Amino acid sequence: MALKIIASMCTACSACEPECPNVAIREKGGTFIIDPAKCTECEGHFDAPQCIAVCPVDGCIKKV
Amino acid sequence: MSNTAFVSIGDLRRGRQALSPVAQILETAASGGCSTSGGEGKASCGSSGGPDDMPAEIWEKVKNHPCYSEEAHHHYARMHVAVAPACNIQCNYCNRKYDCSNESRPGVVSQKLTPDQAVKKVVAVASEIPQMTVLGIAGPGDALANPKKTFDTFRMLQEQAPDIKLCLSTNGLALPQMVDEICKYNIDHVTITINMVDPEVGAKIYPWIFWEHRRVTGIEAATILHKQQMLGLEMLTARGVLTKINSVLIPGINDEHLYEVNREVKKRGAFLHNIMPLISEAEHGTVFGLTGQRGPSAQELKAVQDACMGGANLMRHCRQCRADAVGLLGEDRSDEFTLDKIDAMEVVYDLDKRRAYQEKVEVERAAQHEAKLAALDAVQDDDGVDADMKVLVAVATEGHGKVNQHFGHATEFQIFEVSKAEALFVGHRRVDLYCQGGYGEDEQLPSIVGAINDCHAVLVSKIGACPRDELKAAGIEPVDAYAHEFIEKAALSWFADYRERIARGEISHEPRGDARIRQGAFTAAA
């Protein structure tokens, strides 16, 4: 259970990084990536995944 | 609505000339006098005004700020550092891939900076450009959606370049929570983008906001945003921070509604209201760009601005500049200060040199002011021509408040509305460079004519024979007789001459048509 940022769609705006309750998001190679080992899709924290809710590009973050 | 009117004498004077419905209503309601309501003794006398028009402490705050003082923008420069890429709302006129086309358009090529890099860049620019007096954080996202990066930058700058004024711009959603932090860094100026005061209108502009860990949409989103914006504005006013309200004019969505926005923000102590045209090209990929929502024409924009003149002080010299712009408004020297170039520069931050330069600028400004008063005296004679006549003139300038640019070198024209009472700056028009490498580009001329088609004359330092003839054919008089004179004096002198020619029966006064607002923000000096 984890989410993935589609690098080609990421604008590197960094909005998702501070919202992640698991500190699973970091910058790498000009865009951001989610550490699948840390990602819980926000279950137990929030109703919806925070990175998807704040991301300005619809479809940029997907379930893997 | 409060019963108190917030109208200054200066605004009234101009409002009467505009004769717009809103101005008339406000005029009727006005009790007169320079309003000091809205907290902290902040008066509301013209942003285009000088030291005589506002209390000394306000003048001190705005006199070197090119965005807050129309007069200052001829002499002082600003820069933005792009340290704040994240945003907490989505606007239909903004595509985050291209960043925001309307507010602080950084484009895809700009470098995002860390706070350390930003401070280094500011110090380098300030050493190179002594008239750079203001540093703003305007995105590319929202300054307050990136609080750590924004305030880290401010903190370091306060230590390393204490004479530089700091300001920021925000959509207002996170503003109330950040007001205390803003005041900590002596930030005198905050810009809030407010496009509506009615959530029904807001729902057509904002598809969603990110609020308390949720994506909120529709009327609910617009209601929250509206409440936060109003609360934030009131809190800043109570603390004596000057506020500028930016509004994007979206025809058919908020055009008439902006009169109400103007009243509401003025009521809450806004210092300045900046009404800007929507920029929406399909290639920007914004919702409005893709749905074919058009921007306003030059005269549509001017009509709303004129109607709002009786409300809050109106800013008309905004260039909708990029979040990483450097230089005078209307110019962009950011290419000279890329990270690798800064690394190669030897930077000495010389406070005395900066002060000495700025003192020289003050002398020049005083001379400009005197020239304007003398020229105003000269147009007062009764010449039998319509005393209420008002015409627009376009001016080519490279700064210092003078008519000092060759027609072929102009990338924008400043527009002044001239009457017997004043030469009032009412806006600017971006154009494509006519002269490229010494040769005029004939295909550029029609677009320049289109951009200044509502003007009777264009004042330049010099102009070639070809464009001269074509401008004349289009009914715009090319004028190089006032080269290197101060703009207001030049405009008023031309106006006096124009009236004389009418009085002598040499020419007849004909109304002009509308003009086109060039799409796309200023990107680089060509």
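Val23 of chain A counts as exposed, because 10 C-beta neighbours lie inside 10 Å of this residue and a residue is called exposed if 12 or fewer do. The structure is a predicted model, and in it Val23(A) sits in the loop between strand 1 (3–5) and strand 2 (25–28) of chain A.

- The phi angle of Val23(A) is near 50 degrees, which is a positive value in a residue other than glycine.
- In chain B, His213(B) likewise has a positive phi although it is a residue other than glycine, with a value near 65 degrees.
- The place of His213(B) is the loop that lies between strand 8 (208–211) and strand 9 (214–217) of chain B.
- Is His213(B) exposed, partly exposed or buried? His213(B) counts as partly exposed, because it has 15 C-beta neighbours inside 10 Å, a count that falls between the limit of 12 or fewer for exposed residues and that of 20 or more for buried ones.

**A strand hairpin in chain B**

- Strand 15 (residues 412–418) of chain B pairs with strand 16 of chain B in the antiparallel sense, and the pairing runs over seven bridges.
- The two strands are joined by a hairpin, in which four residues lead from strand 15 of chain B to strand 16 of chain B.
- Within this pairing, Phe413(B) stands opposite Arg429(B), a residue of strand 16 of chain B.
- Strand 16 (residues 423–430) of chain B is mostly covered, since seven of its eight residues are buried.

**Two helices side by side in chain B**

- Helix 13 (residues 351–378) of chain B and helix 16 (residues 487–503) of chain B have axes that come within 8 Å and cross at roughly 10 degrees.
- These two helices of chain B are therefore roughly parallel to each other, as angles under 35 degrees are counted in this way.
- On the helix 13 side of chain B, the contact is made by Ala371(B), Lys372(B), Ala375(B), Leu376(B) and Ala378(B), and these meet Glu488(B), Lys489(B), Leu492(B), Ser493(B) and Ala496(B) in helix 16 of chain B.
- The residues of this contact divide into six nonpolar, one polar and three charged.

**Where the chains touch**

- How many residues of chain B are in contact with chain A? Twelve residues of chain B are in contact with eleven residues of chain A.
- On the side of chain B that touches chain A, the residues divide into five nonpolar, three polar and four charged.

Definitions and conventions:
Residues numbered from 1 in each chain as written. Chains lettered and ligands numbered in written order. Predicted model: local features only at pLDDT ≥ 70, side-chain atom pairs only at ≥ 80, totals over all residues. Axes fitted to C-alpha atoms, helices over the stretch in contact; angles between N-to-C directions. Parallel < 35°, antiparallel > 145°, perpendicular 65-115°, else oblique. Contact = placed C-beta atoms within 7 Å. Nonpolar A, V, L, I, M, F, W, Y, C, P; charged D, E, K, R; others polar. Pairing = 2+ DSSP bridges.
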